[in-house]
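Hi,

Here is the structure I promised to pass on. Have a look, and my notes on a few of its helices follow below.

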Amino acid sequence: MLKKLLGFDASTMNLRTEFIAGLTTFLTMSYILAVNPDILSAAGMDKGSVFTATALSSAIATILLAFMAKLPFAQAPSMGINAFFAFTLVNGMGYSWETALAAVFVEGVIFMLLTVFNVREKIVDSIPLNLRFAISVGIGMFIAFIGLKNAGIIVENPATLVALGPFTKFSLLAIFGILISAAMMWKRIKGALFYGILICTVIGVCIGVTELPANFSPVSMPQSMAPTFLKFNFMELLNLDMVIIVLVLVFMDIFNTIGTLVGAAAQAGMMDKNGKVLHMKEALMADAIGTTVGAMFGTSTVTTYVESTAGIAEGGRSGVTALVTGFFFFLALFFSPLFLLVPGAATTGALVIVGVLMVQAVKDINFQDMSEALPAFITILGMVLTYSIAEGIALGLISYTLIRILTGQFRKVSVTLYILTALFILRYISDQLF
């Protein structure tokens, strides 16, 4: 029965190992339960509601993946896309979070259709490999920059735009969080980011950065999702900007998911003889359903987590691992007071370390060919300097297409990329005219 439902083979696998692997994956990625509400609350969303949406969507998506794909991977709201949601769509472009949630919902539906009709490969293939690596690097730097800014380590400066901030209890706690998280990662401690957040939260309470509420109890019934449940505003989606934004969300989700699945499956030996991930279509469908359901609950795009490799390293090889991880996300619903107590300074370490992990893709970028190097560089730098993941991607794609045209390399640009470039240019022209 377990083999049929979850791919568990009793002759080569062990239930205890699968359980430990699932718990390890949860501990390694559970920082999202503190970080995601913190980031999305910056968009004006209710923190308690977002916590419940985060835990519930992670649980549902991961359990769906366990039964549909029978793989030991876990899913949760994406780091990077949640920053794009809060700091680009809402705070940067001025859309309401209800409109941003509607965009995520539409993205999830589109992703489901693309998966059903096997269109996703064409979309992925249209984006140059170098730019895919650059997008990962740029998002990593952007996430780290957000963490440093929110902690007051980096502040505004009228002369230089940014500068090193003053050393306060809040910023010093954040700096300690970065260092202790890095030290635990170096020691290969499972759940290092989670423990880093926990240690900084305890210290924060001791030094007065966080105050314990009266009659504090770590256990409670799940927070209500009423403030964010089905709070969609579809009216503002009917413009060129939002069409491009939805496409960007689709691309980011596809690249995040496929990149993680390929990397994790290679580590677990779960590829066929042609190098394709087993049950890829089912895994992508679980991701798409998770994103759609998550938007209904009140959170940003759900995707497969690279932290799944922690569980794989512990021996997880079947859907049982994912099922255990999903169970712990359900269990976390009853410990929301603990996670919501976490101050922003305590999550800085997780943001910076995730940034470090994502920036490692820079080694795969071809900097020898200037027609490849410049667009990649513009993508990375554009995300940080414009404080927008979308702008970085748009500028990178436009520069790639234009430099290929100028160097006579017309055939190296796909038809899909020509169309995307035209749409991005039209968007910038419309911004200037209107």
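Predicted model: local features only at pLDDT ≥ 70, side-chain atom pairs only at ≥ 80, totals over all residues.

**Helix packing notes**

Helix α3 (residues 32-41) packs against helix α4 (residues 47-68) at an angle of about 135°, their axes lying 9 Å apart. On the α3 side, I32, L33, N36, P37, D38, L40 and S41 meet K47, V50, F51, T54 and A55 of α4, where contact means heavy atoms within 4.5 Å. Sorted by type, the residues of that contact are seven nonpolar, three polar and two charged.

Numbering starts from 1 along each chain as its sequence is written, and side-chain values use heavy atoms, with hydrogens and water left out.

Next pair: the axes of α10 (residues 192-207) and α16 (residues 344-359) come within 7 Å and cross at roughly 155°. That makes α10 roughly antiparallel to α16. Here L193, I197, C200 and T201 in α10 meet A346, T347, A350, I353 and V354 in α16. This contact divides into seven nonpolar residues, two polar and no charged.

Lastly, α17 (residues 370-385) has 16 residues and reaches 21 Å from first C-alpha to last, close to the 22 Å expected at 1.5 Å a residue (1.5 Å times one less than the number of residues). Just after α17, Y387 takes a positive phi of about 55°.

Cheers

Notes:
Axes fitted to C-alpha atoms, helices over the stretch in contact; angles between N-to-C directions. Helix = DSSP H or I, 4+ residues; strand = E, 2+ residues; numbered from the N terminus. Parallel < 35°, antiparallel > 145°, perpendicular 65-115°, else oblique. Nonpolar A, V, L, I, M, F, W, Y, C, P; charged D, E, K, R; others polar.
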